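User: Please take me through this structure by setting each label against the rule behind it.

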Amino acid sequence: MATFFRRKAAAVTLGVLALTLAGGGIAAAQPATKAPAEVAQPGAQQAGVAGQPPVTAAEAQQARAALKVSLAPPAAGSVAWAVVTSGGTLLQHSANVVSATKYGTGQYQVLLDYSVVGKAFQATIGTNDQFNVPPAGEISVAPRNQTPNGVFIQTYSSGGSVSNKPFHLFVAN
């Protein structure tokens with residue numbers, strides 16, 4: 001009786017393996033024509049308005065120089081922060097924030113004097129005026145391409161179009 005169950009289990013195992021491999025082969029087949037990226041992956045960012053501008057040689061040199069300025073990175077649990085105007089001017093900031101740059105409509109970079117790879121970023125639309133009533137809008141934040149100590153921020157109107165907005169940035173260490 002035990003031999004019968006062993007043979008049956010082996011046959012079932014081989015059958016499942018064969019079906020899994022056959023199904024995997026079907027799923028891996030490539031279509032003859034490729035669908036547009038927005039159809040294939042709705043959340044994927046397209047190059048252009050939503051993408052980051054390329055890093056110039058001068059910007060890369062500035063980022064490397066900023067990394068050398070730091071005496072010591074912030075302690076674990078501390079926060080680096082910056083308040084930036086819609087024009088890209090750095091108004092207020094913590095000691096580790098080096099500069100803010102505006103690239104184009106709604107596109108900004110904030111440089112720090114330490115690597116922010118693997119850190120948590122948070123940005124919010126905000127001002128530093130006496131009434132502290134920020135304009136309506138949306139914001140996104142990401143690591144800056146090819147710049148380990150840079151953070152890329154993009155601001156939008158409430159309707160979703162790229163728009164210049166003041167913002168607050170926090171980097172958790």
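**Labels and their cut-offs**

Analyst: Gln62 is found in helix α3, residues 57-69, where helices (H or I, at least four residues) and strands (E, at least two) are DSSP runs numbered from the N terminus. This is a predicted model, in which local features need pLDDT of at least 70 and side-chain atom pairs count only at pLDDT 80 or more, while totals for chains, interfaces and linings use all residues. Residues are numbered from 1 along each chain as its sequence is written, and side-chain values use heavy atoms, with hydrogens and water left out.

User: Why is Gln62 called partly exposed?

Analyst: Buried means under 20% relative accessible area, exposed means over 50%, and partly exposed lies in between, with a 1.4 Å probe and protein chains only. Gln62 has a relative accessible area of 35%, so the residue counts as partly exposed.

User: What does Gln62 touch, not counting residues up to four places away in sequence?

Analyst: Contact means heavy atoms within 4.5 Å, and Gln62 touches Ser99 and Leu111 once those sequence neighbours are set aside. Gln62 and Ser99 are 37 residues apart in sequence, and their C-alpha atoms are 9.8 Å apart in space.

User: Why is Ser163 called buried?

Analyst: Ser163 lies in the loop between β7 and β8, and its relative accessibility is 18%, which is why Ser163 counts as buried. Leaving aside neighbours within four places in sequence, Ser163 is in contact with Thr105, Gly106, Thr155, Tyr156 and Ser157.

User: What makes strand β7 mostly covered?

Analyst: In β7, residues 150-156, seven of seven residues are buried. Gly150, Phe152, Gln154 and Tyr156 point one way from the strand, whereas Val151, Ile153 and Thr155 point the other way, and all are buried.

User: How do you know that β4 and β6 pair with β7?

Analyst: Two strands pair if DSSP finds at least two bridges between them. Strand β4 (residues 107-112) is joined to β7 by five bridges and runs antiparallel to β7, with Gly150 in β7 as the bridge partner of Leu111. Strand β6 (residues 138-143) pairs with β7 in the antiparallel sense over six bridges, and there Gln154 in β7 is the bridge partner of Ser140. The hairpin of β6 and β7 has six residues between the strands, and Gln146 takes a positive phi near 55° in this hairpin.

User: What makes β2 and β5 edge strands?

Analyst: An open sheet of four strands has the order β2-β1-β8-β5, with antiparallel pairing. The edge strands are β2 (90-93) and β5 (120-125), since each pairs on one side only. For β5, the antiparallel pairing with β8 extends over six bridges, and Thr124 stands opposite His168 in β8.

User: Why is Phe170 called partly exposed, and which residues make up the nonpolar surface patch?

Analyst: Phe170 lies in strand β8, residues 167-172, and its relative accessibility of 34% is why Phe170 counts as partly exposed. Val79, Trp81 and Phe170 make a nonpolar surface patch of about 250 Å². Accessible areas come from the Shrake-Rupley method with a 1.4 Å probe, and for residues only the protein chains shown count as cover.

Terms used: Patch = residues over 30% accessible without salt bridge, like charges linked within 9 Å, V, L, I, M, F, W, Y side chains within 5 Å. Salt bridge = Lys/Arg side-chain N within 4 Å of Asp/Glu carboxyl O.
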